[in-house]
Amino acid sequence: MLTRLIALLTLSLALAGCGGQFILTVPDQVAPAGGQAVVVVRLQRNDFFVLAPPIEGAAIRFRVEGQDDRAAYTDRLGYAGASVPVGDQVGVHPLSVDHLDREGDQAHARVSAYVWNAQAPAVAVDLDALDLDASQPSDAARQALQKLAARPANILYLTDRRISRHAEIHRRLAQHNLPDGPVLLWQRESWHVSYVRGWIPVVKVETRLVSQLAGLRETLPRLQLGIAASNPACRAFLAAGLKCVTLAPSRIQDPNLTQAPSWDAAVQAVP
């Protein structure tokens, strides 16, 4: 029986081949107008069923529409990063990331770069608070966030759902008339920028994960508050130095935590 199973598995691998498909993972980006977005991506190849080994030494091109290109090579874990200029125009701009190998196979991803006025108010929202998977998310949440966006305030969403699902999250936000905004992971790979020859920026990516909020606060000094629906989300906001408005009962004792009985109350608690 075991011999037969091994034979079937070997045949399946032979039929599948080892060429595979590229997996290019690119998250949404947030950057200040007139500045740059530090874009970190990962390139893998889906060779055997669920296995997706990283590709080292692959050339990656980054470009925000209307701006100069940047390029980088992937490291041994498949990561590549570059400081990409975003231009002076506030708004949502297409960011293209491309790879072309020697055999002519290519990988392409296109996401949104949210270019914001760094001095504009910004609010982080725990995506789980919106219950997007429900057939009809809360009208109260929609109305409250629309009021918040009209103040105006920039809104970003934090989630632990993998990046491959973020496009679907954007579709659901639009479907339910919720304000548009970048969908970002609670944690990202740690990275830092070093300079070759004193002026050429090179992004070094580490393997450990760090909170997304610290980097966002550097980019957006007026990101000072998060709206949450769970204790872990509250703790993440508070640990990053943000105030937190929670829609769920909490025993956390912190002067920067406000409990709100409703979405309307939560928005009223936003300075």
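Of the 271 residues of the protein, 42% count as buried in this predicted model. The exposed surface comes to about 14800 Å², and carbon and sulfur atoms supply 51% of that area. Taken along the principal axes, the C-alpha atoms fill a box of roughly 60 × 60 × 35 Å. The secondary structure consists of six helices and 16 strands. Among contacts between residues at least 6 apart in sequence, 56% join residues at least 24 apart.

Three strands form an open sheet in the order 1-3-6, and their pairing is antiparallel. Strand 1 (21-25) and strand 6 (79-85) stand at the edges; each has a single partner strand, so one side of each is left without a neighbour in the sheet. From one strand to the next, the twist averages 25 degrees. Strand 3 (residues 36-46) runs antiparallel to strand 6, and seven bridges join the two. Within this part of the sheet, Val38 stands opposite Ser83 in strand 6.

**Salt bridges**

The protein has eleven salt bridges.

| Residues | Distance, N to O |
|---|---|
| Arg110 and Glu65 | 3.6 Å |
| Glu168 and Arg171 | 2.9 Å |
| Glu206 and Arg208 | 2.9 Å |

The salt bridge between Arg110 and Glu65 links distant parts of the chain, since the two residues are 45 residues apart. Arg110 belongs to strand 8 (residues 106-116), while Glu65 lies in the loop between strand 4 (59-64) and strand 5 (70-73). Arg110 is exposed, with a relative accessible area of 51%, whereas Glu65 counts as partly exposed at 48%.

The pair formed by Glu168 and Arg171 is found in helix 3 (residues 166-175). Because these residues are three apart in that helix, about one helical turn separates them. Glu168 is partly exposed, with a relative accessible area of 32%.

In the pair of Glu206 and Arg208, Glu206 is partly exposed at 28% relative accessible area, and Arg208 is partly exposed at 48%. Elsewhere, salt bridges that share partners join Arg61, Arg63, Asp69 and Asp98 into one network.

**Two cysteines without a bond**

A disulfide is a covalent bond between the sulfur atoms of two cysteines. The structure holds zero disulfides. The cut-off applied to a disulfide is 2.5 Å between the sulfur atoms. For Cys244, in turn, the closest cysteine sulfur is that of Cys234. Both cysteines are buried: Cys234 has a relative accessibility of 0%, and Cys244 has a relative accessible area of 1%.

Is Gln212 buried or exposed? At 12% relative accessibility, Gln212 counts as buried, because that value falls under the 20% limit for a buried residue. Gln212 is placed in helix 4 (residues 212-219). Apart from neighbours within four places in sequence, Gln212 is in contact with Leu158, Leu184, Leu185, Trp186, Gln187 and Arg188.

Technical notes:
Residues are numbered from 1 along each chain as its sequence is written. This is a predicted model: local features need pLDDT of at least 70, side-chain atom pairs count only at pLDDT 80 or more; totals for chains, interfaces and linings use all residues. Side-chain values use heavy atoms; hydrogens and water are left out. Helices (H or I, at least four residues) and strands (E, at least two) are DSSP runs, numbered from the N terminus. Buried means under 20% relative accessible area, exposed over 50%, partly exposed in between (1.4 Å probe, protein chains only). Contact means heavy atoms within 4.5 Å. Two strands pair if DSSP finds at least two bridges between them. Axes are lines fitted to C-alpha atoms, for helices over the stretch in contact, and angles run from 0 to 180 degrees between N-to-C directions. Accessible areas come from the Shrake-Rupley method with a 1.4 Å probe; for residues, only the protein chains shown count as cover. A salt bridge is a side-chain nitrogen of Lys or Arg within 4 Å of a carboxyl oxygen of Asp or Glu.
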